[in-house]
Amino acid sequence: MVKFSKQFEGQLIPEWKEAFVDYWQLKKDLKKIHLLNNNNTNTKQHETTLQSSIISSIRKLSLFGHQHRERGHGVIQVHTKLASSGSKGDMYETELLEQFADTDAPNEFFACLDLQLNKVNQFYRVKEKEFLERGDSLKKQMDILIELKTALKQQRQKGSSSQEAKEEDSISGTISCDDESIRGKTEQDQGQDNGTEDEFDKNDAEFTELTKTEELGQSMRMKRDDGKMRTLSGRVFNCQGKTLRINIPLTNPSRAFSAITYLLWDDLVNQSSRKCSPEGSRLHINKTKLWHAEKMIRGAFIELYKGLGYLKTYRNLNMLAFVKILKKFDKATNKQVLPIYLKVVESSYFNSSDKVMKLADDVEEIFIKHFAQDDRRKAMKYLKPTQRKDSHTVTFFIGLFTGCFIAMFVGYVIMAHIAGMYRSKSDTVYMETVYPVLSMFSLLFLHFFLYGCNIFMWRKTRINYSFIFELAPTKELKYRDVFLICTTTMTAVMGVLFVHLWLVAKGYSYAQVQAIPAFLLLIFLLLLVCPFNIFYKSSRYRFLCVIRNIVLSPFYKVVMLDFFMADQLCSQVPLLRNLEYVACYYITGSYKTQDYGYCMRTKYYRDLAYAVSFLPYYWRAMQCARRWFDEGQMSHLINLGKYVSAMLAAGAKVAYEKDRTMGWLCLVVITSSAATVYQLYWDFVKDWGLLQFHSKNPWLRNELILRRKFIYFFSMGLNLILRLAWLQTILHSSFGSVDYRVTGLFLAALEVVRRGHWNFFRLENEHLNNAGKFRAVKTVPLPFHEVDDQD
């Protein structure tokens, strides 16, 4: 049977862990009482019992004896105190009415118990108020949406057929003339739709794009002469007797440029006419805007329902923890405390309030009626998505393909050793044409394998990576899925390369077998963009969307998953350069003549090699610039400097590879040393949050997830060593007679390992930041903002 402490730790909300009952501290206090009771002699126990009975008899004759008899056995009495602040509610304090074997330990236990009860009540009250405010706001948003949809429907019925054929249906409102009335808040967190129905997949993807780029409207504000800020995506209009502002996020760069053009034209040309006209200019609210607004409201309802579910879990687990610890106290002291204190817990605010239950029922009713066409089953798939269960079939195939891969790899190594492919004087054509393809797949799936290991460790340490990355619970990849993809693909790759090497060893010419590596690469590219719902389609398309956001970094709002993936690309520069070479070799037709040196002689290829070497750092720098533009924090500019230094170091390395002179060597040493120091500081202090001199954990941060502190010091040392891998560029050390390309692959693999090692601690720090602010659900931006007439 699983202990309750393990069950309790496994079911609590990770971001709210500090707000739960400290069950482990209460157990420690209870253990002290139990040990003291066992150490007392029978004589002392008899004297204590006699003295307790005398004191109890005297108290029964006192004026307050009637109150104690009403409380039960008269062991304790819980006093209720009104808090100085009304938001905190009532405070509880326990008084011991009978003398225990040791007076200090029980007092400490009940002081801690009262502290936990007050903490739970206060946190529950705060979160309940937050969710109730969200619920009221969403109900108003829903009323506005229904009103606008009704008006649009009436407009369609009244509109002429010719006008409907030429122009999209819309309802017209009036833009307010007062610039001050255009002010309003912009939500800063993102939401994601967790729908599971196939018919809503397209809407889910588009809703994700909305929430990820919502702050683009905030970042594209232009200052007026009077210091007021004018929101681009928020327009004030009057409709159905209400003054509203609709704020639909700009979802792609083309819309952003269009919006900028519209803003400039509106400011330069239409400003005077807008001031002169008392009614203002006309604004059309069309079906597209209402469609986007509906998706935003739907996502907000889903997140609200998720938060209400977390609050229910919070109440139930805390109630169960109080019951368990009081039972243990009664068993250790032979007192009847449970009935007395449990009445207080049951009547406390966190257990007696039913506002959360009512709001959850209202959310279900609204969602079923307006977003699921009165289909409760469909609505519950959105509100309560069920996670996929782990299958033993997946585990079986992981083992099967792992064995196949090992067998293929051993056979390939033996055959390559016999043929002398990887020696310093090896077959140049093979090393220049086939080996880059092998290197690409090796680095890619090593990185992917380490990501699976990261997921396993994140789950084991209860780091909520799904929330941090904004992954849909029904579509995210589990670590078993990642391992299955790795083992399957690497088995296929190794099998194809084994066959290719066997054909070469049999005497087939390279002209006959040269297309095999290209064919292998082409198959994987086609699988990546395959439109059919096979091979983890949702994950593949999410990956492509993230890559698109990275490439167009300045024009998309940067979220955690985007810059996390961009950091991974910074460790895959060798892979990108191999991809560049393979693409040049096959696209230019050099494979037909085995002229593998053609690309190296081409000026455009050499120029592109510079770009490929620092493109990942450039993308990451642009993300830092965008985050600074959105949030205004100087730390993002400092982080941008780190990637600029990495760009300079990467460019110097490429130049040194082409022209190995002393001047370029000195430049490589200077730029690489500066970039390494910069990166080490950022790794330890910013990303990991370590090297805190005034922390309760020496040289570490205050909050740690891993219990063994030496792991953090070992990780810092390992990161330092792996950061210095660039010294190979200067030393040119070799491993015996092994080809230099193999040495380069080994060093590139070390960088991938460093990145996979960094991923765990980076997300640990992010999780602790979320937990410190008790953020367990996202705040979804809302489309409609009612403008106060006084503004």
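Predicted model: local features only at pLDDT ≥ 70, side-chain atom pairs only at ≥ 80, totals over all residues.
Q: Is glutamate 470 buried or exposed?
A: A residue counts as buried under 20% relative accessible area and as exposed over 50%. Glutamate 470 has a relative accessible area of 8%, so this residue is buried.

Q: Is aspartate 374 buried or exposed?
A: Aspartate 374 has a positive phi of about 60° although it is not a glycine. Its place is the loop between helix 14 (355-371) and helix 15 (376-383). The relative accessible area of aspartate 374 is 61%, and the residue is therefore exposed.

Q: Which residue with a positive phi follows helix 11?
A: Helix 11 covers residues 287-333. The residue that follows helix 11 has a positive phi, near 60°, and is asparagine 334.

Q: How far apart are the end C-alpha atoms of helix 11?
A: Helix 11 has 47 residues, and at 1.5 Å a residue these should span 69 Å. The separation of the end C-alpha atoms agrees with that expectation, because it is 69 Å.

Q: Which element gives the largest share of the positive patch?
A: Lys3, Lys6, Lys17, Lys27, Lys31, Lys324, Lys327, Lys328, Lys331 and Arg707 gather on the surface in a patch of positive charge. Two or more residues of this patch come from each of helix 2 (23-39) and helix 11 (287-333). The largest share, 4 residues, is given by helix 11.

Q: What is the relative accessible area of lysine 331?
A: Lysine 331 is a member of the positive patch and has its place in helix 11. A residue counts as exposed over 50% relative accessible area. Lysine 331 is exposed, at 73%.

Q: How many residues apart in sequence are the parts tied together by lysine 778 and glutamate 303?
A: Lysine 778 forms a salt bridge with glutamate 303, and the closest N and O atoms are 3.8 Å apart. Lysine 778 lies in the loop between helix 32 (740-772) and strand 9 (784-786), whereas glutamate 303 lies in helix 11, so the parts tied together are apart in sequence by 475 residues.

Q: Are lysine 778 and glutamate 303 buried or exposed?
A: Their salt bridge has a closest N and O distance of 3.8 Å. Lysine 778 and glutamate 303 are both buried.

Q: How does the relative accessibility of aspartate 354 class this residue: buried, partly exposed or exposed?
A: Aspartate 354 forms a salt bridge with lysine 358, the closest N and O atoms being 3.6 Å apart. With a relative accessibility of 37%, aspartate 354 counts as partly exposed.

Q: What is the relative accessibility of glutamate 764?
A: Arginine 701 and glutamate 764 meet through their side chains in a salt bridge of 2.9 Å, N to O. The pair links distant parts of the chain, 63 residues apart, with arginine 701 in the loop between helix 29 (662-687) and helix 30 (710-723) and glutamate 764 in helix 32. Arginine 701 counts as buried at 8%. Glutamate 764 also counts as buried, and its relative accessibility is 0%.

Q: Which residues do salt bridges that share partners join into one network?
A: The structure holds 22 salt bridges. Those that share partners join into one network the residues Asp683, Arg723, Glu751 and Arg754.

Q: How far apart in space are glutamate 764 and isoleucine 705?
A: Glutamate 764 has its place in helix 32. Glutamate 764 and isoleucine 705 are 59 residues apart in sequence, and their C-alpha to C-alpha distance is 7.4 Å.

Q: What distance separates the C-alpha atoms of methionine 421 and aspartate 739?
A: Methionine 421 lies in the loop between helix 16 and helix 17 (428-433) and counts as buried at 5% relative accessibility. Along the chain, methionine 421 and aspartate 739 are 318 residues apart, but their C-alpha atoms are separated by 8.7 Å.

Q: What is the relative accessibility of valine 413?
A: Ile406, Phe409, Val410, Val413, Ile414 and Ile418 form a nonpolar patch on the surface, and together they have about 560 Å² of accessible area. The place of valine 413 is in helix 16 (residues 392-419). Valine 413 counts as partly exposed, at 38%.

Notes. Residues numbered from 1 in each chain as written. Heavy atoms only, no water. Patch = residues over 30% accessible without salt bridge, like charges linked within 9 Å, V, L, I, M, F, W, Y side chains within 5 Å. Areas by Shrake-Rupley, 256 points an atom, 1.4 Å probe, with all protein chains shown as cover. Salt bridge = Lys/Arg side-chain N within 4 Å of Asp/Glu carboxyl O. Lys, Arg positive; Asp, Glu negative; His and termini not counted. Charge placed at Lys NZ, Arg CZ, Asp CG, Glu CD. Buried < 20%, exposed > 50% of the residue type's maximum accessible area, 1.4 Å probe, protein only. Expected span 1.5 Å × (residues − 1).
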